[in-house]
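Subject: Structure handover

Hello,

Here is the structure you asked for, with notes on what turned up in it. Please look through it before reading on.

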Amino acid sequence: MISRRNQPEDNVAKAVAASQSQHQANERPTKKVKPKYRNPTSKKSLVFDVKQVGLRFIIMVGLIFCLRYFVENPTVSDGKFASIDEQIGIRFHEVPCSKDYTSAEKQKFKGCIPEICGRAVMDNVISKDEAEGLLRIAKSGLAMGGSSGGASILDLHSGALSHQDKFINIYSVLKSENSNLFLEEDFKTYARIREKIQLTISNEFGIPRDKLYLTYPTFFSRMTTAAAKTMHDEYWHPHVDKETYGTFHYTSLLYLSTHGKDFTGGRFTFIDKDTNKTIEPKLGRLSFFTSGSENRHFVEKLQSGIRYAATVSFTCDKNSAIKDPQLIDKLK
């Protein structure tokens, strides 16, 4: 039989034991918890931050160079080759040469027939004053005639001028009217610009200057929104210059008016396998290209205004060469 006299002592003992147990529990070492973030002042953290900054800098520089490259050298998936908002020093797009240039032709005109084919745009070859001077010549001459359809041409070499649904000789008209429409200075301007274009093509395609010759037809063109009356007015059909004009090896176009300002529509388009490449004309812009089927192209229909340009063509065949026109010879 347990005495109830000892119960308070038992309770005290139990309380002391419990207190000691709790004290021991409090003295046990606690588990260390790793901080969620690194100490920003630690060496490892500083190395990590430097690496992050360096990596971001490299990525930014890479993106800038990529952006600059693709702006200056648009890929074949980009539909626009040259816009009016750009001032282009040189933009060259190489394309595989077609089979239009035969082995016999390459042997006969060695050093001139294209080894590298492509198309280019430059805005700094012809000055604004030169382009405006050429535009004045074109407007003055074409005002003497003009097609009844939407496309007119003036060839200062042959004198051919569109007139309604046929061609007349502008020099015959000037002689009969005793007109001094053109000046010798106009023809000197024409020859100087032709020489600049020829040297540019020679340099960019690596052709000796003395192997490249001006050829026919070389002419001014004026396009309007008038409905076509003859096949000569249908300028919008895709074509290959070497097929259309057998003498062509290199074609150049000097634009004498500006898309979006003087006219709408009328852009020049290369037809490529993946995506067409479009040039927006502007005053003084020069485009040039190898004349084979690697550069099949068309001009889109004009929607408004008047579009002026000059086609200046070159050949490797000396027998197909023509000289710069001389006003005094034409008016004899």
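In this predicted model, helix α4 (residues 128-142) and helix α6 (residues 184-205) have axes that come within 10 Å and cross at roughly 125°. That angle makes α4 oblique to α6. The crossing of the two helices, α4 and α6, is left-handed. On the α4 side, the contact is made by Glu 130, Leu 134, Arg 136 and Ile 137. On the α6 side are Asp 186, Tyr 190, Arg 192, Ile 193 and Lys 196. Sorted by type, the residues of this contact between α4 and α6 are 4 nonpolar, no polar and 5 charged.

Next, strand β13 (residues 286-290). The strand is mostly covered, with 5 of its 5 residues buried. In a regular strand, side chains alternate between the two faces of the sheet. In β13, Leu 286, Phe 288 and Thr 290 point one way, while Ser 287 and Phe 289 point the other way, and all are buried.

Strand β13 has antiparallel pairings with β3 and with β9. Strand β3 (residues 117-122) is joined to β13 by 4 bridges, and the two run antiparallel. Within that pairing, Arg 119 has Phe 289 of β13 as its bridge partner. Strand β9 (residues 250-255) also runs antiparallel to β13, joined by 5 bridges. There, Leu 254 stands opposite Leu 286 of β13.

Some backbone geometry is worth checking on your screen. Most residues other than glycine have a negative phi, and most peptide bonds are trans.

- The peptide bond from Tyr 216 to Pro 217 is cis, with omega near -10°; Pro 217 is found in strand β8 (residues 213-223).
- Gln 164 is not a glycine, yet has a positive phi of about 55°. Gln 164 lies in strand β6 (residues 160-164) and, at 49% relative accessibility, counts as partly exposed.
- Asn 178 also has a positive phi, near 50°. Asn 178 sits in the loop between α5 (170-176) and α6, and is exposed, with a relative accessible area of 72%.

Finally, the chain as a whole. The secondary structure comes to 8 helices and 16 strands. Of the 332 residues in the protein chain, 42% are buried. Among contacts between residues at least 6 apart in sequence, 78% join residues at least 24 apart.

Regards

Methods: Residues numbered from 1 in each chain as written. Predicted model: local features only at pLDDT ≥ 70, side-chain atom pairs only at ≥ 80, totals over all residues. Heavy atoms only, no water. Axes fitted to C-alpha atoms, helices over the stretch in contact; angles between N-to-C directions. Parallel < 35°, antiparallel > 145°, perpendicular 65-115°, else oblique. Left-handed = near helix turned anticlockwise from the far one by under 90°. Contact = heavy atoms within 4.5 Å. Nonpolar A, V, L, I, M, F, W, Y, C, P; charged D, E, K, R; others polar. Buried < 20%, exposed > 50% of the residue type's maximum accessible area, 1.4 Å probe, protein only. Pairing = 2+ DSSP bridges.
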